[in-house]
Amino acid sequence: MKITALLVLKVNPEGSDPVILANACDVSHFGYFQRSSVREFIVFVGRTVAKRTPPGQRQSVQHEEYKVHAYNRNGLCALGFMDDHYPVRSSFSLLDKVIEEYQKNFGESWRTAQADSSQPWPYLNEALTKFQDPAEADKLLKIQRELDETKIILVSSC
């Protein structure tokens with residue numbers, strides 16, 4: 001289970017290309033010469049999926065062994081590029097946390113953005129690392145894992 005990228009975009013209602021507000025990628029598992037093309041691919045697919053995600057909706061798009069999960073909250077759209085094994089529920093919990101954190105840090109300033117932001121947002125890089133384990137994003141999954149471990153201990157001790 002791997003998260004390759006997290007993006008936050010402003011989706012323009014008039015149909016023009018979405019504006020990238022924050023971007024964090026981990027392309028270290030790709031070959032050195034492929035990394036720049038992978039980053040370009042992530043930006044292109046991210047803009048396309050964000051543009052096609054209606055406000056207030058969530059959607060997942062399959063591309064080969066990856067899934068792109070998108071959540072558009074009134075024009076502020078969070079996207080995650082995950083492998084096929086990352087749980088959907090955890091993906092959307094993560095995207096919800098990213099949007100909440102973005103609005104907490106930047107408020108409504110994203111509404112006036114006209115061009116892609118190159119300013120780093122440390123939280124997104126931290127989230128990319130921290131949420132590689134889906135249980136960190138989804139409390140229910142974490143509780144289920146702990147219950148399974150307890151059940152195994154109880155069965156083995158009897």
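**A tour of salt bridges and cysteines**

Begin by selecting Asp84 and Lys67, whose side chains form a salt bridge with an N to O distance of 3.8 Å. This pair joins distant parts of the chain, 17 residues apart: Asp84 lies in the loop between β5 (76–83) and α2 (88–106), while Lys67 belongs to strand β4 (residues 66–73). Asp84 is partly exposed, at 36% relative accessibility. The model on display is a predicted one.

Next, select Asp96 and Arg73. Here too there is a salt bridge, and the closest N and O atoms are 2.4 Å apart. Asp96 sits in helix α2 and Arg73 in strand β4, so that distant parts of the chain, 23 residues apart, are linked.

Proceed to Asp26 and Lys2, where a salt bridge of 2.7 Å, N to O, connects the two side chains. Asp26 is found in the loop between β2 (19–25) and α1 (35–51), and Lys2 in the segment before β1 (3–10); the two residues are 24 apart and link distant parts of the chain. Lys2 has a relative accessibility of 23% and counts as partly exposed. In total, the structure contains 7 salt bridges.

Now turn to the cysteines by selecting Cys25 and Cys77. How many disulfides does the structure hold? There are 0. The sulfur of Cys25 has its closest cysteine sulfur in Cys77, 15 Å away, which is too far for a bond, because a disulfide requires sulfur atoms within 2.5 Å.

Finally, colour the two cysteines by accessibility. Cys25 is partly exposed, with a relative accessible area of 27%, whereas Cys77 is buried, at 0% relative accessibility.

Key: Residues are numbered from 1 along each chain as its sequence is written. This is a predicted model: local features need pLDDT of at least 70, side-chain atom pairs count only at pLDDT 80 or more; totals for chains, interfaces and linings use all residues. Side-chain values use heavy atoms; hydrogens and water are left out. A salt bridge is a side-chain nitrogen of Lys or Arg within 4 Å of a carboxyl oxygen of Asp or Glu. Helices (H or I, at least four residues) and strands (E, at least two) are DSSP runs, numbered from the N terminus. Buried means under 20% relative accessible area, exposed over 50%, partly exposed in between (1.4 Å probe, protein chains only).
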